[in-house]
Amino acid sequence: MSFETPLPPYNASDPQATFLNSSCFDLLLIEMVPFASRLAQQLTVERSGANTQVDEEEQREAVFRRLDALGYRVGQGLIERFSRDRPRFTDTLDMIKFLCKDIWILVFRKQIDNLKTNHRGVYVLTDHSFRPFARMSMSSPSEALARAQPFLWFPCGIIRGVLAGMGIEATVQAETVELPGVTFQIKTVTTNI
């Protein structure tokens, strides 16, 4: 266990401030996908009966929804806590930059490496060394990429939750072409009033 000093942004004078060791957080992320899979399978069996065949695509969708919802709630909590001492954002790009710099440092201990936008509501965030994938390896690269995809659903939920907390409705997709790099595509949903 290490006793690392927390990186900003944090409010050191906050008596309610709690910090989490990064090793504990890594282990939590590693166990989240298998736990969500077991839980989804157990709930499907309970609903359908023990003798029914579980549809693999339905199972995968249930795991996705659960991990995305967990990440969404974590993202909302993060933005509530760490944006309260800041002035309100007026521009969507400023909100995305806050996500890429401050929130990403809080969660993954580094900034997003690259941010691109088409200035029409689509943002592409690239992290060349995504921390949860830093130690992931498999016997073949294609197997590693296939098994890595479920581990992206929780961070997608975090991004959606952070943006929702700032008043932006968005869809988030993530893909990885080569480990440990990840690309997140954010499409903001414009509402016609």
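Predicted model: local features only at pLDDT ≥ 70, side-chain atom pairs only at ≥ 80, totals over all residues.
Student: Which element gives the largest share of the largest nonpolar core?
Tutor: The largest nonpolar core holds 45 residues, and L125, F130, F133, I159, L163, F184 and I186 are the ones that touch the most other members. Two or more residues come from each of α1, α2 (56-82), α3 (92-108), β2 (122-127), α5 (153-165), β3 (170-175) and β4. The largest share of this core, 10 residues, is supplied by α3.

Student: Beyond residues up to four places away in sequence, which residues does L125 touch?
Tutor: L125 is among the core residues that touch the most other members. Leaving out residues up to four places away in sequence, the contacts of L125 are I96, L99, C100, I112, N114, L115, V182, T183, F184 and I186.

Student: How many nonpolar, polar and charged residues line the largest cavity?
Tutor: A search of the whole structure finds 1 cavity of 30 Å³ or more, and the largest cavity has a volume of about 60 Å³. Its lining consists of L29, M32, V33, L67, P132, F151, F154 and P155, with α1 and α5 each supplying at least two residues and α1 giving the largest share, 3 residues. Sorted by class, the lining of the largest cavity has no charged residues, no polar residues and 8 nonpolar residues.

Student: Why does K187 count as partly exposed?
Tutor: K187 is found in strand β4, which covers residues 182-188. Partly exposed describes the range between buried, under 20% relative accessible area, and exposed, over 50%. K187 therefore counts as partly exposed, because its relative accessibility is 38%.

Student: How far apart in space are K187 and Q173, C-alpha to C-alpha?
Tutor: Not counting residues up to four places away in sequence, K187 touches G121, V122, E169, A170 and T171. As for Q173, K187 is 14 residues from it in sequence, and the C-alpha to C-alpha separation in space is 8.6 Å.

Methods: Residues numbered from 1 in each chain as written. Heavy atoms only, no water. Helix = DSSP H or I, 4+ residues; strand = E, 2+ residues; numbered from the N terminus. Buried < 20%, exposed > 50% of the residue type's maximum accessible area, 1.4 Å probe, protein only. Contact = heavy atoms within 4.5 Å. Core = buried A, V, L, I, M, F, W, Y, C linked by side-chain atoms within 4.5 Å. 1 Å grid on protein atoms, 1.4 Å probe; cavity = no way out; pocket = protein on both sides within 12 Å on 5 of 7 lines; lining within 4 Å. Points joined across faces, edges and corners; volume = space filled by probe spheres on them. Nonpolar A, V, L, I, M, F, W, Y, C, P; charged D, E, K, R; others polar.
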